[in-house]
Amino acid sequence: MALFNALSSSLFRPQTFFTKIPSISSHNRISQLPLTLSCSTSKSPSPDFDDERTDKKRPNQRLSEQSSWEAKDLEGRDYLYRLGKEADNMNIAVGARDGVIDPLFAGNFLGRDSDIVFDYRQKVTRSFEYLKGDYYIAPVFLDKVVCFIVKNYIAHLLNTKVPLILGIWGGKGQGKSFQTELIFQAMGIEPVIMSAGELESERAGEPGKLIRERYRTASQVVQNQGKMSCLMINDIDAGLGRFGNTQMTVNNQIVVGTLMNLSDNPTRVSIGQDWRESDVTNRVPIIVTGNDFSTIYAPLIRDGRMEKFYWQPDREDIVNIVHRMYEEDGVSRDEVISIVNTFPNQALDFYGALRSRTYDKSISKWIDDIGGVENLGDTLLKRRKNEELPVFTPPRQTLEALLESGYSLIKEQQLIMENKLSKEYMKNIDD
C-alpha cells in the first residue's frame with residue numbers, strides 16, 4: 001500500500017523535469033531550463049477503458065456469478081428496477097432475515113433480524129394484552145363475526161360471492177367495538193384498526209391512500225407473520241355519513257370509492273406503484289362499526305359488498321356481560337339482575353359508568369389525604385423519581401352504591417333531554 005501511494009503521488013501530481021536545451025550563445029553552453037508537465041484525463045478514452053462518468057456496463061458483465069439481483073421477472077426487468085419503480089415500497093422481506101440467510105450474517109446483536117425497522121412498521125397493528133380478565137362474548141355476536149372472517153379466508157374455495165365488508169351497526173354504547181376486540185383476542189387475530197377521524201384530511205386523496213396502505217399492511221401480517229389479520233374502521237358513519245346540511249367533500253367520495261373498489265378487487269390494491277401481474281395482495285376482511293348506516297352512500301352498503309349485522313343485546317346478554325364486569329368486585333348475579341331491572345332500556349356503557357361513578361367519593365377523600373387541591377399538582381407531577389404516590393384504596397362495590405350512581409346518571413340524562421327539547425321548541429318558534 002505504501003508503494004502504491006508513492007507511485008500514485010508521483011504519477012498524478014505536477015512534476016518538474018530538467019532538459020538540456022542549447023543556449024543561444026556564442027560559446028554554445030548547455031543551460032538547464034525547467035519544463036513543467038501535468039497529467040490529465042484524456043477526452044478520448046481507449047476502448048479498453050470504461051468511463052466512470054457513465055452508467056453503462058460492458059456487455060454480459062454480471063455483478064456476481066451467484067447474484068440474483070439481475071434475475072428477470074415476467075416483464076423482463078430485474079429486481080432492482082422493480083423495487084425502484086414502486087412509489088412506496090411495501091416489500092419488507094428484503095434484508096438479512098433470520099432463516100433466510102446464514103446465521104453468521106444475521107447475528108444476535110440487534111435481534112435475530114437485521115431489519116430492525118420491521119418491528120416498528122407493524123405497530124399499526126393492535127394486540128390486546130391490555131384486555132385482562134374473563135369477559136363475556138354474546139354467542140350471536142361471536143357466531144356472526146367468526147363466520148364472516150372464516151368465509152373471507154376461504155373465499156377462493158367457495159362457489160359463491162363473499163362480501164368483503166361486515167357492517168356492525170346498532171345503538172350507541174352497545175359494545176360493538178369491544179365485543180369485536182374480544183373476538184380478535186380469542187382467535188389470535190392481529191388487526192389494523194382505524195377511526196373515523198382518519199377519513200378526512202386537508203390533502204385530497206390522503207384518506208383513500210391511507211385505507212389502501214392499512215389494507216396492504218394487514219395483508220403483510222398474514223404473509224410475513226403467519227397471523228390472521230383484518231382491517232377495522234370504527235364509527236364509519238361519523239366520517240362518511242350525511243347528517244342534515246353536512247358538506248360532502250372530495251375525500252368522502254374518494255374513501256367511498258376506495259372501499260367499493262376493495263370490495264370488488266380485494267387482491268389488487270395499488271398505493272401508487274406500477275401495476276404488476278405478480279403483485280397480488282392477500283384477501284383480508286374489513287369490519288366497520290357505526291350507529292346509522294342509512295347515512296352512508298347506498299352502493300357501498302349493498303349486499304354484494306357489505307354484509308350487515310344489527311347488534312342489539314337482549315336482556316340475557318346484558319345480564320351476563322354486566323355480571324362478568326362486576327364479578328371481581330363481589331357483586332352477585334342476583335344483584336346484577338336487580339340493577340338491570342331498576343334501570344331498564346339502558347345501553348351497556350351505562351352499567352359500566354355506574355362502577356366508574358362509585359369511585360368519585362373515594363378519589364375526593366384521597367385528594368384530601370394527600371394535602372388537598374392546593375398541593376395536588378406538586379404531589380402528582382413534581383415528586384421525586386423513587387417517591388411513590390399515597391396508597392389509593394378502591395371503594396367496595398355494593399348494591400346501594402351502584403343504585404345511587406345509577407340514579408345520578410339518570411338525572412343527568414333527563415337534564416340533557418330537557419335541554420335538547422327546549423332548543424328544538426325554540427327553533428320551531430323562530431321558524
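**Reading strands, helix packing and ring pairs**

Q: Which residues of strand β5 (residues 231-234) point one way, and which the other?
A: Leu231 and Ile233 point one way from β5, Met232 and Asn234 the other way, and all are buried. Buried means under 20% relative accessible area, exposed over 50%, and partly exposed in between (1.4 Å probe, protein chains only). Strands are DSSP runs of E, at least two residues, and helices are runs of H or I, at least four residues, both numbered from the N terminus. This is a predicted model: local features need pLDDT of at least 70, side-chain atom pairs count only at pLDDT 80 or more, and totals for chains, interfaces and linings use all residues. Residues are numbered from 1 along each chain as its sequence is written, and side-chain values use heavy atoms, with hydrogens and water left out.

Q: In which sense do β4 and β5 pair?
A: Two strands pair if DSSP finds at least two bridges between them. Strand β4 (residues 192-195) pairs with β5 in the parallel sense, over four bridges. Serine 195 stands opposite asparagine 234 in β5.

Q: How is a pair of packed helices described?
A: By the angle between their axes and the distance between the axes. Axes are lines fitted to C-alpha atoms, for helices over the stretch in contact, and angles run from 0 to 180 degrees between N-to-C directions. Here, helix α12 (residues 348-357) and helix α15 (residues 399-430) have axes that come within 9 Å and cross at roughly 115 degrees.

Q: Which residues make the contact between α12 and α15?
A: Contact means heavy atoms within 4.5 Å. From α12 come Phe350, Ala353, Leu354, Arg355 and Arg357. The α15 side includes Leu402, Leu409 and Ile410.

Q: How many aromatic pairs does the structure hold?
A: Rings of Phe, Tyr and Trp (its six-membered ring) pair if their centres lie within 6.5 Å; planes under 30 degrees apart count as stacked, over 60 as edge-to-face and the rest as tilted. The structure holds eleven such pairs. Tyrosine 135 and phenylalanine 178 form an edge-to-face one, 5.2 Å centre to centre, with 85 degrees between the planes. Tyrosine 135 lies in the loop between α4 (118-121) and α5 (139-153) and phenylalanine 178 in helix α6 (residues 176-187), so the pair ties together parts 43 residues apart in sequence.

Q: Is tyrosine 407 buried or exposed?
A: Tyrosine 407 is exposed, at 52% relative accessible area. Phenylalanine 343 is buried, at 3%. Ring pairs link Phe343, Phe350, Tyr351 and Tyr407 into a cluster.
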